[in-house]
Structure formats: structure tokens, C-alpha cells
Amino acid sequence: MSHLSGGTDEGLMILTRVNKGSGDWNETIFPGPDGCETILWPRIATGGVDHSVIHMLALTPLNVLYQGMEGALLYSQSTDGGATWVQQNVILEGMTSNEYTGIAGDTYEIQAQDNNVAILVGDPWCDLMLFKSTDGGDNWVKTIIWEHPYPMWNGTPTDTFYCADGAHHFAFDPDGMVHVVFGINRALSVDGTAQFWFPGVGGIGYWNEDRPTFSNNINALCPYANCPDSELIDDYSLIGWTQDINNNGEIDVLDDWGTYYLGFSSMPQIHIDHNSRICVAFSSVTEIYDNGIQNYRHLWVRFSSDGDFWEPFYDLSPDPLHPFNEFVFPSVATWSDNDFYLVYQYDHEPGLAVKGDEDPYIENTIRFMKVPILGVSIEENEFPNPNVDADVLQNVPNPFNDKTTIGVNVRKATNLTLEVANVMGQKVKTIDVGFVLPGMNKIEVDGSTLNPGLYFYTVKAGSSAITRKMIVE
């Protein structure tokens, strides 16, 4: 399933085929409700006998008022593999305009385990809530995991309050109980017209159905030990935070890092194996590792046998693998054996090109990783991008005041050039390396003639043009 953007059809595109793994795909349109035919950002899960029951979520557009909400979350259910729909575009009780002004895009997920189905929803401006069904989606029970201190917020000024940051995940254990992990941040609306957040605040919260929920106190989710009224307990309900790697009692990071509009530690994923052992992976800004301008995020993991005691933190991206890269967007498989499995994205620059940092676009790579559940050693496979002709490493040293070296791994024989531009986009240096053979090539840049400051260097190899940052002191 996918939503449609910019086309003439309204609704979701559904692709089906009779035989798993082979045959032609058939396209059908799943329409939105009357009066709001366009629906977006679907999520899907399957359960029941032979996974024949389909559970789906989709959201109405955020700029359209539907049933009193700007962003109404819709649930649909098919019991025959999608041939017919017995529930279609339903707003679940407890998530209507009586409780919320709207749900934000991509702040919800759905999973199924046989007849158990659960939906997790939440962001900084509404409750963090769980909807659970034990009868295949016919009846639902709502639990507010964290109650928002400003219910039905619609543009009024607020005090600063700690909150769920919108990145969260959950898993069923073998007994059908739901376990939730969520990123933590802090938010504020000064005049009621703009929303603010605090990128230096972060932490990973943990909750399960056997525990009490968090209140609407503005400090209930405060991740700091000296915070009054905090309801988080270290290594119990607060299970992730930025690590003091050099053990000096402080977190030593530069003044900038990739924000992602999330907390310092966020993007959590949880897996529970058949022995009820819990694995939680998350992305966290990490001290020591930086490019001279911004600190990188690494992937971290913690294990627990019962959710009450959590084992030490493990860095899933340590030396000597590739420590000076940005590791984000982990996604953990629901199935495991002696290992649990995840994919994640990495690149050479912290942050995003499309918002926040607005860095130049660079190559991103998806890696597959398996992590032993009873011990940590890592096996990875990189999925190389066949459309990219070279891999460009960060210049070393960086910052520099004389000379620096850039490593370029060329995948096929090609012409290789390097261009250096200042922050105004003006080209200040060009190096024509010439025709090179496949393999690692090194380009030396003389910075002695450049004024101190930030520069962008672009390596061109064949059809690829890859940009990085460097600093001249």
C-alpha cells in the first residue's frame, strides 16, 4: 500500500498478487471517506489465521478539516486478505475530535500478533496512547501512557514541558503484553502561534502494560536526576541517554549536531524474542566522534531479561568499523533466532538535507546488521548503491590549516575531479586528478591559500557528484 501524491486518483494504491514472490501485481484504489477522499501515510499489519486479516491505518490531510480534526487517524480491517473490508476509514473511539484536534503525520504505528492488535500514537503535542484489541480489531481498549499537560492544544501559550518526541516503537512479548519505547524531548509555545522544541534534550523511555502510566505533570518525563516531579527512574523507565564515553562526568559535544526534530537520543526500536529477552536499539548523539563541525549519532543497544533490570550500553558502531559516520533510522525485524536483525541508514554527514540542517545532498547507504541477543558482536552487510560511481570519505585532518587529504574509493575507471566552494557557493579551487582506475585514490588539498572558515568540497567521479564539508583554521 502507498499513498498517491500529485496524481488524479484519490485514496491509497493497493498492490496484490496471487502467488507470493512471483506473478503480476494487480492495482486497485482504496478510497478515503466521503468528503475526504485523499488519505495519506498508511501503515499495515497482518494477523489472524494465515495472516488473512489485514489491519491498516491512514491519515487525512493536515490542511483539511474532517470530522472536526486536521489529521484524523483512520482504521480499516479486512478479514479475507483484502478482498473486502468489514471496517473502512473508522476513527476509533477515544481518538475523535472530542479528545484531539488532530494527529500529526508519521507519529503512529500498528502491529498484530494473531488476534492481538495494537496501535501506538503520540507526539509532543498530544498524548502518547496505546489502543489494543484482543479480538482481531473488533473492540479496542485505550491506555494513555503519557498524558499531555495541555489537552486539546489549539494554539494557546504553554510553559515548557517534557514530552514524547514522536519517535516510538512497541513489541508484543510471547504472552501478548505490549512493551513500548519512546524518545523524550521538551516543548514550548510562547505565544500560541509557534511550537518550539529543545534539540539538546533527550532520552529513551520504557513502559509496559504491567506498569502505571505517566501523569500530565510538566516534568513527568524529565530525564534528569535533579528534576523535580520527574516520574522516570534510571535503568527502569528511563533506559537510554547520551553516554559519557571519556568518563569525565560531562557530555563533551560540539555546539552543533544533526537535529532531525527529535531528542538527543531517539529513534528507538524494540524487539522481544521467544524467551522474553528485550532488545532496544536507538540513535544517540555521541561524544568524541565528530567531523569538526557536528557530532555524529551512533546506534546503541541495551538488553533486559525482564524489563526491570537493564544491562550495560553497547555501541553498535564502534572502532574499528566506521566510527565517523552518522547512524540513524534503525528498523528492527519482529522475528529473531539467536540474533536480532535490523537495517539502518548511514552517511558521512550529520543531519538532513530537507529540513533543519539543510546540508547538501550526499550519498546515503542502507546497512543490514545482526546482533547476538546474548552478547554483542556485529556482522554487517552494506547494500551498495549501483548508481554511485565512488565513495567519498571525510577529509583528514578536519579542521586543518595547511593540507588535508580526501580518500575516494572509485568503483570503475573514470575521470576524477574535486571542486571547493565557500559558503556563498563561489568556487575557490579545482583539482583535476585525471583518469583513475578502480580502487582507493587520495586527493591532497592545499588550504594555505584559503581564508579560515567553512567550505564545501565536491568530488566528481563519472556520473556521481558527492559533497562534504571541511573547515580551514
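Which backbone oxygen does the side chain of Arg 277 reach at 2.7 Å? The oxygen belongs to Ile 373. I will start with that arginine and then go through rings, a pocket and some backbone details.

A word on the source first. This is a predicted model, where local features need pLDDT of at least 70, side-chain atom pairs count only at pLDDT 80 or more, and totals for chains, interfaces and linings use all residues. Residues are numbered from 1 along each chain as its sequence is written, and side-chain values use heavy atoms, with hydrogens and water left out.

Back to Arg 277. Arg 277 sits in the loop between S19 and strand S20 (278–290); strands here are DSSP runs of E with at least two residues, numbered from the N terminus. Its relative accessibility is 9%, so Arg 277 counts as buried. For that term, buried is under 20% relative accessible area, exposed is over 50%, and partly exposed is in between, with a 1.4 Å probe and protein chains only. Arg 277 also has a polar contact of 3.2 Å, side chain to side chain, with Ser 305. A polar contact is a pair of N or O atoms within 3.5 Å; within protein, one must be able to donate a hydrogen and the other to accept it, and residues adjacent in sequence count only if both atoms are side-chain atoms.

Next, the aromatic rings. There are 22 aromatic pairs in the structure. Rings of Phe, Tyr and Trp (its six-membered ring) pair if their centres lie within 6.5 Å; planes under 30 degrees apart are stacked, over 60 edge-to-face, and the rest tilted. Phe 170 and Phe 172 are both buried. Trp 241 and Phe 313 are also edge-to-face, at 5.0 Å centre to centre and 65° between the planes. Trp 241 is in the loop between strand S18 (238–240) and strand S19 (265–272), and Phe 313 is in the loop between strand S21 (295–304) and strand S22 (314–315), so the pair ties together parts that are 72 residues apart in sequence. Trp 241 is partly exposed at 26% relative accessible area, while Phe 313 is buried at 17%. One aromatic cluster is made up of Trp 125, Tyr 150, Trp 153 and Phe 161.

Two arginines sit over rings. The charged end of Arg 211 is over the ring of Tyr 236, 3.5 Å from its centre. Arg 186 lies over the face of Phe 198, 5.6 Å from the ring centre. The criterion is NZ of Lys or CZ of Arg within 6 Å of the ring centre and within 35 degrees of the ring normal.

Now the second largest pocket. Its volume is about 450 Å³, meaning the space filled by probe spheres set on grid points that are joined across faces, edges and corners. A pocket, on a 1 Å grid over the protein atoms alone, is an open set of points where a 1.4 Å probe fits, with protein on both sides within 12 Å along at least five of seven lines; lining residues have an atom within 4 Å of a point. This pocket is lined by 19 residues, and the closest to its centre are Ala 112, Gln 113, Phe 172, Thr 334 and Trp 335. Strand S10 (108–113), strand S14 (161–172) and S19 each give two or more residues to the lining. S14 supplies the largest share, 4 residues.

S10 also holds Gln 111, which is buried at 14% relative accessible area. The side chain of Gln 111 reaches the backbone oxygen of Phe 170 at 2.5 Å.

Last, the backbone. What kind of peptide bond joins Asn 398 and Pro 399? The bond is cis, with omega about 5°. Pro 399 is in the loop between strand S27 (390–392) and strand S28 (403–410). Asp 50, a residue other than glycine, has a positive phi near 55°. Asp 50 lies in the loop between strand S4 (40–47) and strand S5 (53–59) and is exposed at 72% relative accessibility. Asn 247 likewise has a positive phi near 55°. Asn 247 is in the loop between S18 and S19 and is exposed, with a relative accessible area of 66%.
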